[in-house]
Amino acid sequence: MSKHVPPVSHNDAFRSDVLSGLGADQKRLSSKWLYDDVGSHLFEAITELDAYYPTRTELTILEENVDKYRKLPGARGAMVELGSGSSRKTNLLLGAFPDLSVYMPIDISANHLKEAAERVRRAFPSLAVIPVAADFTEPLGQLPLLPELPVLVFFPGSTIGNFERADAASLLKNIRTVMPNATMIVGVDRPKAQEVLIEAYDDPAGVTAAFNQNILQRINRDLNGRFDLSAFEHKAVWNAEDSRIEMHLVSKCTQSVDVGGVTFTFQEGETIHTENSHKYGEDAFAEIADEAGWRILSADTDHDGYFAVYTMQA
Ligand code: AVJ
């Protein structure tokens, strides 16, 4: 296989994001950069962990309600999946929607996307599979034109929680603009006991720690960085005020790190904030949906109330 070379513009965006993020008072890196090929595979491994409840919980909710989802107009047209995440969820829906004709996964990781598309083509040979390598945090302007089909947007995994509240609303608004009559199935993680949350984002096997640290590895590789990975420690924090889990990388000592000719200094204990994972209860999510012009059709949860799956109409 040929070595994956990120498109130039992509790498430029990565570089400018990293340089400005590490130059900020509270150092930060956008969580979208966690998902290179290695990161995408590490995330898949996270979804298999006992400690990480969201994937299996969402899958259960989808299984329990798929008869209802089958009746959504988009289930007879094109399914657009944002962040081609777990194949088990995708397969469940594709298998349950026999009249679907198009599957369009949109993902920032081109290789991950290609693998996902191939998998679906093998399992569902009659579907037209149209993968789109794109960063859906940027305005979704140039989607390949969908034929005159009803559209079902599948936005699983509580990826919506990675956005700041206002950005989550603009993203939902943007989706509605690009796909005006779409219906959507969206998975949203809910607030719960702090111990459960911390365990899920700081698992005993250290897979999440490796996932988080991979962003430093990526900076080393793609931007000629000199991060010593062993000098940074993974940390998951529950920010109650903003109802979100935050992932940080904590500098274990005072140190300077060169990134492509630019030097950044870290105090001992200083952190790089790498991800937010917002947790929304029903009212909080309904407000965001409403602000973005979506009408919620149904809300389903599991017996612990850990996770919610909403259907909505644009
Ligand atoms: C894929 C963004 C939904 O926030 O739960 C998992 C990412 N980060 N463990 C999440 C993640 C650490 C995940 N999302």
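Is Ser-158 buried or exposed? Ser-158 is buried, with 22 other C-beta atoms within 10 Å.

1. Basis. This is a predicted model: local features need pLDDT of at least 70, side-chain atom pairs count only at pLDDT 80 or more, and totals for chains, interfaces and linings use all residues. Residues are numbered from 1 along each chain, as its sequence is written.

2. Two loop residues. Ser-158 sits in the loop between strand S6 (151-155) and helix H6 (165-178). Its phi is near 60°, a positive value in a residue other than glycine. Asn-224 also has a phi near 60°. Asn-224 lies in the loop between H8 and strand S8 (232-239). Asn-224 is exposed, with 12 other C-beta atoms within 10 Å. The cut-offs: buried means 20 or more other C-beta atoms within 10 Å of a residue's own, exposed 12 or fewer, partly exposed in between, with C-beta atoms placed from the backbone. Helices (H or I, at least four residues) and strands (E, at least two) are DSSP runs, numbered from the N terminus.

3. Cores. The largest nonpolar core has 48 residues. Such a core is a set of buried Ala, Val, Leu, Ile, Met, Phe, Trp, Tyr and Cys residues joined through C-beta atoms within 7 Å. Met-79 and Leu-152 are among those with the most contacts inside it. A second, separate core of 21 residues includes Leu-42 and Ile-215.

4. Helix pair. H2 (residues 37-47) and H8 (residues 207-223) pack at about 160°, with axes 9 Å apart. Axes are lines fitted to C-alpha atoms over the stretch in contact, and angles run from 0 to 180 degrees between N-to-C directions. H2 and H8 are therefore roughly antiparallel (over 145 degrees).

Key:
Angles under 35 degrees count as roughly parallel, over 145 as roughly antiparallel, 65 to 115 as roughly perpendicular and the rest as oblique.
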